[in-house]
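User: I would like to learn how to read some backbone and fold features in a model. Please take them one at a time.

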Amino acid sequence: MRFISRYTFVLFIPLLVWGFASCKEEPLGDVEAISGLGGDVVVPTAIDNWLMDSITVPYNIAFKYRWDQFEFNDVSKTLVPPDEQKIIPLAKVVRSAWIKPYIDQVGLVFFNKYSPKFFVLSGSVQYLSNGAVVLGQAEGGRKIVVFDVNNFITKQEAGYVPARDSAVVKEFVHTLQHEFAHILHQNILYPVEFKTVTAGLFQGENWINVSNTEARQDGFITAYASSGFDDDFVETVSIMLIEGKAGWEAILNAIPEGVSANGTSKADAVAKLRRKEALVVSYFKTAWGIDFYELQARSRAALQPLL
Amino acid sequence: MKNYYNPIFLLCLLAGLMSCEKEDSVFEQTADERLNATLADYQSQLSGAPYGWKGVIYPGAGGVYSFYFEFGDNNRVTMYSDFGLESAATPKESSYRLKAMQTPSLIFDTYSYLHVLADPSGSVNGGENGDGLKSDYEFSFQPNPDNPDELTLIGTKNQTRLVLIKATQEEAVAYDRGDLAKSFVFSNIGKYLTYFKRITLEGKEYEIAVNQIARTITLTWLEGSTVSSFTTAYYYSSTGVSFITPFVNGSVTVNGFSNITWDETKLSLGFTAAGTSLVVKEAAKPLKVDVDAPKRWYNAALAEDTYWVSETGFHLNGVDDAFNVNSLTNGTAYYYFYLYWPGYGPNYDGFGPVFVNDNALALYYLDAPGTPTFTNDGRVLFSGLGTLGTYPTSGPALAIRDYLYGSSGFYLIQLSDTTYDMVSADDAKGWIHWEK
C-alpha cells in the first residue's frame with residue numbers, strides 16, 4: 001500500500017505540473033493572421049520597385065505615398081493622396097538636390113546616419129483656418145511630410161511654368177535642407193554666440209505677421225527665422241544652401257536702406273547676417289568637418305537645373 | 001486501491017479544466033479569421049465582377065457624380081468619371097486597398113478621379129478651399145449580403161454615400177468605347193439662346209430647366225392653370241442622362257434621357273425620354289408667368305435695405321457677360337460685381353458696378369433708375385432718372401444700362417429665397433442672375 005501510494009505521487013505530481021505548464025506553453029495561435037499586422041500588404045508596382053532600388057536600399061529612406069490618414073498630424077484636415085505620376089519625379093529631386101550634394105561632400109555613412117528616414121506624401125496642400133497653407137512638416141528628425149505633391153513639376157517635365165512652379169520646387173528643397181539642419185544641431189549644438197547675434201529682436205509666434213523683408217531689416221534671413229533660436233539657425237543654413245553664395249549676397253544687398261521698425265540700420269542688419277554666416281561656416285567645420293562653402297556650391301549647383 | 005486513485009484523478013481533471021478553459025466563443029473562428037474572411041469576400045466581390053462596377057457618389061457639397069470602376073486583384077483600379085469631359089473619355093489607373101479599420105474599409109489610396117471631388121483645392125473642383133466638394137475616398141462597407149450585385153459604401157470623413165452596382169457586359173463595352181463622354185452632348189442644352197426651353201411628352205408640354213453646376217433638372221408643367229414642378233439630381237451614364245429620382249406623371253415615367261443628339265447649326269438638342277424621341281424647343285415666355293415675382297424680388301431687397309448682386313452681368317444671345325462688365329476698371333480698382341439697389345435714394349434706385357480698391361469695396365458711379373413699373377402681366381420695366389458720380393460716356397457700363405432700359409421689360413424667375421433670374425420679356429434671349 002505504501003509503495004503504491006508513493007508510486008502514485010511520483011507518477012502524478014509530474015503529470016499535474018505538466019498539465020499546468022502545458023497551457024502556458026500553448027502557441028499564441030495564428031499571429032500572422034492578425035489583419036494589418038506589420039503594415040498593409042499591396043502588390044508592388046513599378047513605382048514601388050523604383051523607390052526600393054533607388055532610395056530605400058541605398059539611403060535607408062522610405063516613401064509612403066499610399067493614403068494613410070494617421071500619418072498626418074491633424075486628422076480633421078481635408079487632404080488627398082498624391083498622383084502616382086508625381087512620385088518618381090519628386091523622389092529624383094530629393095536624391096539629386098539634397099542627398100547627392102551631402103554625399104559628395106561628406107560621404108554616404110554620414111548622410112545615412114543622420115538623414116530623416118521616412119517621407120509621407122500628400123497630394124494637396126493643407127489649408128489652415130487663417131487661409132494660409134502648409135507645404136511641409138517634419139517630426140522628430142525622422143519623418144518629413146510633404147504636401148502639394150500634385151502640383152510638383154520640374155523644369156524637365158512638360159507643362160512647367162517657371163513663375164508658378166519653380167517656387168514649389170525651391171520651397172520643397174528648402175524644407176529638406178531646413179529639417180536636415182535641425183537634425184544636425186540636435187546632435188551637436190551650434191555655437192551659443194549664434195543666439196546672441198540678434199538678441200532682443202526675435203518675434204516668437206508673431207513671425208507670421210512679419211514679412212521676409214522686415215525680418216531681413218532686423219538681421220533674420222526669413223520671417224520664420226525670427227521665430228526662435230533653432231529656426232533662426234536652420235533657416236540661415238537652408239537659405240544659404242538653396243540660394244548659393246551669389247543668391248545670399250543678393251539678398252543681403254537688397255535689404256532696404258533706412259532703419260527697421262525695431263531700430264536696426266541696414267549696416268547693422270547686414271553685419272548681423274554676416275556674423276551668422278561666419279558662425280554657420282565655423283560650426284560646419286568644427287562640428288562636422290564640412291567645408292560649408294563647398295557644400296553650398298554643390299547644393300546650389302544641384303538645385304539650379306530644376307528651377 | 002481504486003478509491004485511493006480517484007481524488008488524484010479528479011484533481012488532475014479539475015486542473016486541466018480550469019487552466020485550459022479555452023475561449024468557447026459562439027463563433028467557430030477567431031475575430032481575426034472572420035475579419036480576414038470578410039475582407040477576402042469583399043475583395044473577390046469587387047475584383048470578381050467580370051464587367052466592373054457602376055458607381056454613383058453624393059458629395060456633401062451637393063451634386064451627383066457617376067463613375068465606372070474596374071477593380072483588379074492586384075490593388076489596381078481603373079476608372080471613368082462624369083466629372084468632366086476628359087475624365088469621361090480617358091481611363092485612369094490608380095491604387096486601392098481593403099483594410100480593417102473600425103469596419104472593413106475600401107481605400108482609394110492614390111490620386112484618381114474620385115479624389116478630384118474630395119480635393120481641398122477649390123481650383124480643382126470649384127469647392128471651398130480646405131473642403132473641396134466634401135467628398136470621400138476612404139469608405140466603409142455597409143453589409144448587404146442579400147444582394148451581391150450592389151454595394152453601399154459610406155465615406156469615413158464626410159459620410160459621402162457611394163453606391164456600386166455591377167455593370168453588364170454591354171455597359172462595360174460602352175464605357176470603354178467612350179460612350180460616357182458622348183453623353184456630355186446633353187450639356188449643349190446650355191447653348192440654347194432662350195432662357196425658356198420646352199419638351200412635349202405624351203401630348204403634355206413641359207418646361208425644362210437644367211442647372212449644370214448643381215446637376216439638377218427641373219420639369220414644370222400646368223395642371224389646369226396651376227403650376228406643378230419636379231426637380232431631380234442627374235448624372236451622366238454610358239447611355240445618356242440618368243435621373244436619381246424617376247419622374248412619374250400619370251402614365252409617363254422618365255428615368256433619364258438616352259440617344260442624345262445635338263445639332264450645332266440649328267442649336268437643337270434631341271433625346272429619347274419614356275420611349276418617345278423628342279426635341280427641345282425654344283420658348284420666349286414661361287409656361288405660366290409668375291405675376292408677383294417682380295414685386296417680390298424688388299421688395300425682398302427693399303425691406304432689408306440691401307441690394308441684389310450679379311458678378312457676371314447679362315447673358316445675351318448665347319454670350320456670357322455680353323456687355324463685358326468684368327473688364328471694367330477705375331484707376332487701380334478692379335471690377336467685383338454689379339448691383340441693383342432698390343430704394344438707394346428717396347425716389348430712385350441704384351444700378352452700377354462695385355469695384356475693389358485696396359481690399360475695400362468702392363462705388364464710383366451709379367445709374368439712378370426710377371422706382372420700376374410692375375405690369376399686370378408680370379413684367380418689370382426700368383427707366384432712368386439720371387446718374388450719380390462720373391458716369392462713363394461709353395463702354396460696358398453704358399451698354400448694360402441701355403439694355404436694362406431699352407427692352408420691353410423683364411420676367412423674374414425665383415430660384416430660391418435669395419436668388420432670382422431676370423429674363424428679357426422681348427425674346428428671353430437675355431438674362432441676368434441676381435443673388436442677395
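User: Is B:Asp305 buried or exposed?

Analyst: Burial is judged by counting neighbours: a residue is buried if 20 or more other C-beta atoms lie within 10 Å of its own, exposed if 12 or fewer, and partly exposed in between, with C-beta atoms placed from the backbone. B:Asp305 is exposed because 10 other C-beta atoms lie within 10 Å. This is a predicted model, in which local features need pLDDT of at least 70, side-chain atom pairs count only at pLDDT 80 or more, and totals for chains, interfaces and linings use all residues. Residues are numbered from 1 along each chain as its sequence is written, while chains are lettered from A and ligands numbered from 1 in the order in which they are written.

User: What is the phi of B:Asp305, and where is the residue found?

Analyst: Most residues other than glycine have a negative phi. The phi of B:Asp305 is near 50 degrees, a positive value in a residue other than glycine. B:Asp305 lies in the loop between α8 (293-304) and β18 (308-310) of chain B. Helices (H or I, at least four residues) and strands (E, at least two) are DSSP runs, numbered from the N terminus.

User: Where is B:Glu202, and what is its phi?

Analyst: B:Glu202 sits in the loop between β9 (196-201) and β10 (204-211) of chain B. Its phi is near 50 degrees, a positive value in a residue other than glycine. B:Glu202 is exposed, because 12 other C-beta atoms lie within 10 Å.

User: How many bridges pair β11 and β12 of chain B, and in which sense?

Analyst: Strands of a sheet pair through backbone hydrogen bonds, either parallel or antiparallel. Here two strands count as paired if DSSP finds at least two bridges between them. Strand β11 (residues 216-223) and strand β12 (residues 226-236) of chain B are antiparallel, with eight bridges. One position to look at is B:Thr216, opposite B:Ala233 in β12(B). The two strands form a hairpin with two residues between them, and B:Gly224 in the turn has a positive phi of about 70 degrees.

User: What does β12(B) form with β13(B)?

Analyst: β12(B) and β13(B) form a hairpin with three residues between them. β12(B) pairs with strand β13 (residues 240-249) of chain B in the antiparallel sense over three bridges. B:Tyr236 stands opposite B:Val241 in β13(B).

User: Which strands close into a barrel, and in what order?

Analyst: Eight strands of chain B do, in the order β1-β2-β3-β4-β5-β6-β7-β8, with antiparallel pairing. From one strand to the next the twist averages 35 degrees. Axes are lines fitted to C-alpha atoms, for helices over the stretch in contact, and angles run from 0 to 180 degrees between N-to-C directions. Helix α2 (residues 31-48) of chain B packs on the sheet, touching β2 (65-71), β4, β5 and β6 (138-142), and its direction makes about 155 degrees with that of β4(B). Contact requires C-beta atoms, placed from the backbone, within 7 Å.

User: How is chain B divided into domains?

Analyst: Domain bounds come from an automatic or database domain assignment. Chain B has domain 1 (31-177), domain 2 (181-283) and domain 3 (293-435). The C-alpha centres of domain 1 and domain 2 of chain B lie 28 Å apart. Between these two, 13 residues of domain 1 are in contact with 11 residues of domain 2. On the domain 1 side, β2, α3 (85-89) and α6 (169-176) of chain B each supply at least two residues.
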